[in-house]
Amino acid sequence: MAPRPLTSQEIDAALAELPGWEFAEDRLRRTYSFAGHFPAAAMVLHVAQVQEETNHHADLLLGYDSVGVSVNTHSVGGKVTELDVGLARRIEEIAPSHGARP
């Protein structure tokens with residue numbers, strides 16, 4: 001079954017369970033902070049692994065001590081779907097193991 005764009009109410013409900021995430025410009029977004037560059041880079045590699053497992057990919061921006069994540073679903077015109085929410089949840093699960101700061 002093809003993904004469908006979520007309604008604004010569905011996005012709001014998902015964000016209530018994803019602290020630190022926001023909805024802007026038809027994307028779910030979050031920036032994580034780390035103690036230095038190596039943990040941030042390790043987080044990017046771990047997210048890349050999760051993306052390959054789920055066959056759904058976000059835009060990642062690696063800074064010295066930060067990682068920016070931005071995701072939507074291209075196949076539905078760049079809107080947010082349950083695929084994006086699922087990826088955000090998986091990223092939230094792995095972030096603490098890399099020392100992500102709230």
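Predicted model: local features only at pLDDT ≥ 70, side-chain atom pairs only at ≥ 80, totals over all residues.
Local features require pLDDT of at least 70 and side-chain atom pairs pLDDT 80 or more, while totals for chains, interfaces and linings use all residues. Residues are numbered from 1 along each chain as its sequence is written, and side-chain values use heavy atoms, without hydrogens and water.

Four strands make up an open sheet with antiparallel pairing, in the order 1-2-4-3 (strands are DSSP runs of E, at least two residues, and helices runs of H or I, at least four, numbered from the N terminus; two strands pair if DSSP finds at least two bridges between them). Strand 1 (22-24) and strand 3 (59-62) are the edge strands, each pairing on one side only. Strand 3 is joined to strand 4 (residues 66-71) by four bridges, and aspartate 59 stands opposite serine 70 in strand 4.

The whole structure contains eight salt bridges (a side-chain nitrogen of Lys or Arg within 4 Å of a carboxyl oxygen of Asp or Glu). In one of them, the closest N and O atoms of lysine 79 and aspartate 26 are 3.1 Å apart. Lysine 79 lies in the loop between strand 4 and helix 3 (82-94) and aspartate 26 in the loop between strand 1 and strand 2, so the pair ties together parts 53 residues apart in sequence.

Aspartate 59 also forms a salt bridge with arginine 27, at 3.3 Å between the closest N and O atoms. This pair links strand 2, which holds arginine 27, to strand 3, which holds aspartate 59. Arginine 27 is buried, at 15% relative accessible area, whereas aspartate 59 is partly exposed at 42% (buried means under 20%, exposed over 50%, partly exposed in between, with a 1.4 Å probe and protein chains only).
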